[in-house]
Amino acid sequence: MYDFAPQHDLDKPELYSALARAANALVEGEPDPVANMANIAAAIWQFVPDLNWAGFYRVLPGPNGDELVLGPFIGKPACIRIPIGTGVCGTAAALGSTQVVPDVHAFPGHIACDAESRAELVVPVMSGNRVIAVIDLDSPTPGRFDEEDASGMRLVAQVASLSI
Ligand code: SME
């Protein structure tokens, strides 16, 4: 059993550092990428407050080149395939850069998977210079994510990059 009991009174850098340590402990010695993505998504859900969706999209070859394909997540069922360059996730994958979106309705091409989502944070998972996946967080609270959430989630993406 894993019993992390995250404290919600931590400031964001402490919270994400605790989350990254938990993610590291979860993937240690486990080679299976699906198991590791599933446990990292569950840990994000446990540690990060005010989310309605948290999970992975992987970059995989499709009939017309690479695309994002839904991976392990917590939340409502979601869009399965997203073209690279489309929506918040596809933009993060195309640019290899974190996307902090305070208001999803103002993001051109945003893909609505859950009508409750109002703010979104997407961090790329890199292998060298290549984007191999993205981690997507959605919140029902507008303006929910800031640069501290982005840096914190980049720590989690580093754990993912070595374990998926
Ligand atoms: N909103 C995302 C799609 C994925 S869902 O939020 C789970 C986007 O615009 O890429």
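I began with the make-up of the shell around the ligand: eight residues are nonpolar, two polar and three charged.

I noted the ground rules. This is a predicted model, where local features need pLDDT of at least 70, side-chain atom pairs count only at pLDDT 80 or more, and totals for chains, interfaces and linings use all residues. Residues are numbered from 1 along each chain as its sequence is written, and side-chain values use heavy atoms, with hydrogens and water left out.

Next I looked up the neighbours. I found 13 residues around the ligand, with Val88, Cys89, Ile111, Glu120 and Asp138 the closest. A residue is near if one of its heavy atoms lies within 4 Å.

Then I checked polar contacts (pairs of N or O atoms within 3.5 Å). A ligand oxygen lies 3.0 Å from a backbone N or O atom of Val88. A ligand nitrogen is 3.3 Å from a side-chain N or O atom of His110. A nitrogen of the ligand is also 3.0 Å from a side-chain N or O atom of Glu120.

I looked at cover. The ligand on its own has 310 Å² of accessible area, and the protein covers 100% of that (Shrake-Rupley method, 1.4 Å probe).

Which elements give two or more residues to the shell? I listed strand 1 (53-62), helix 3 (87-95) and strand 6 (130-139). Helix 3 gives the largest share, three residues. Helices (H or I, at least four residues) and strands (E, at least two) are DSSP runs, numbered from the N terminus.

Conventions
A polar contact is a pair of N or O atoms within 3.5 Å; within protein, one must be able to donate a hydrogen and the other to accept it, and residues adjacent in sequence count only if both atoms are side-chain atoms. Ala, Val, Leu, Ile, Met, Phe, Trp, Tyr, Cys and Pro count as nonpolar, Asp, Glu, Lys and Arg as charged, and the others, Gly among them, as polar.
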